[in-house]
Amino acid sequence: MKKNVLFLFLLFIFQIAGCKQNEIKKNNEIKESIENKPTTSINFLSFLDEICWEGHKGVFKNCDELFTDKGHMFFIIIPKGGAENSYNKQMNNFSVKDVWKKEDKILEQINKCLVSNLEKDFNIWVFYVDVKFLKRNPDMDSPYSPVNPRKVQVCFYKEKLKRWDVIDVIDINNEKDESNFNNWRENYINSIVKKSNESSNNSSEDKIKISQKWQGKFSRNFTEKFNDGSNSSWVYYFIIESNKVVFKSDSELPIESEYKGLERNNQLELFEGDNKQPSYIIKEDGGKFYIQSDSFENRKGWLLLDKN
């Protein structure tokens, strides 16, 4: 009887040890799957110079289909500071009131960006179809067309690791899959835009205390005259508190964003995000306050602010 009890006890111990080993193995497999994602050797960055960008609200994609000898590539780029946050700040930098003119200026700047700046300032995704899944069209405008079945790889650029991770693979076998994929891609883009905005809103920034001298509500009226003789006017508001500066505009597209204030050389410099150069500079002279910005038509001139 004692031998049977001892045998059962040892069997129980071995079972526990086996379970623990399986648990450790499973945890290691999960850890490896997270850390060792599949990657691709294709340097998609080398193709960014060929792209004309279009976009809205801080989300940009290639205007035209990009077929290369490596395959088909559809890029999505979103500023690392968040799509919405970056968009609002860029819109603030242009003194013209017309929203479409401002957006044209944003696109103009994006299309002038060097690849090194895109890599540093943007999160980059590419939806990639290998050339082996494409049919050559020698006599048509488009050099290739996709065939079924095919695979679409979703790749994300890890800037710090200098590599492209394959984060998903979609199989397209027929027209129904094609339609489902188009819907899935739109939903996927919307989800990464939402995450970028949430991450930006939740990020904590170091607050620099602004002295009482600068605190208050300031405004500046702007007027633009058009060729037909008509005028357009709008107001910029700067609400300066001890730990932040809130910017507002009553233009056609209402804007509200937050700046960091840094006092230097008897001036208050206002910075957006992690920019090294101030977007606005405010100075005090004889009890009056003036503002200067590269976004103003007279870049080096000082404009009088109204203190409310």
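User: Which element gives the most to the lining of the second largest pocket?

Analyst: This is a predicted model, and in it the second largest pocket, with a volume of about 290 Å³, is lined by 18 residues. At least two residues of that lining come from each of β5 (71–79), β6 (122–130), β9 (150–158) and α5 (175–202). With four residues, the element that gives the most is α5.

User: By class, how many residues in the lining of the second largest pocket are charged?

Analyst: The residues nearest the centre of this pocket are E65, H72, F74, F181 and R185. Taken over the whole lining, the classes come to 10 nonpolar and three polar residues, while the charged residues number five.

User: How is helix α2 oriented relative to helix α3?

Analyst: Helix α2 (residues 83–92) packs with helix α3 (residues 99–112), their axes lying 10 Å apart, at an angle of about 110°. Because angles of 65 to 115 degrees count as such, α2 is described, relative to α3, as roughly perpendicular.

User: Which residues of α3 are met by α2?

Analyst: By class, the contact between the two helices has four nonpolar, two polar and two charged residues.

User: Which residue forms a salt bridge with K80?

Analyst: The structure holds 10 salt bridges, and the one with K80 links distant parts of the chain, 79 residues apart. K80 lies in the loop between β5 and α2, whereas its partner lies in the loop between β9 and β10 (163–172). With the closest N and O atoms 2.3 Å apart, that partner is E159.

Technical notes. Residues numbered from 1 in each chain as written. Predicted model: local features only at pLDDT ≥ 70, side-chain atom pairs only at ≥ 80, totals over all residues. Heavy atoms only, no water. 1 Å grid on protein atoms, 1.4 Å probe; cavity = no way out; pocket = protein on both sides within 12 Å on 5 of 7 lines; lining within 4 Å. Points joined across faces, edges and corners; volume = space filled by probe spheres on them. Nonpolar A, V, L, I, M, F, W, Y, C, P; charged D, E, K, R; others polar. Axes fitted to C-alpha atoms, helices over the stretch in contact; angles between N-to-C directions. Parallel < 35°, antiparallel > 145°, perpendicular 65-115°, else oblique. Salt bridge = Lys/Arg side-chain N within 4 Å of Asp/Glu carboxyl O.
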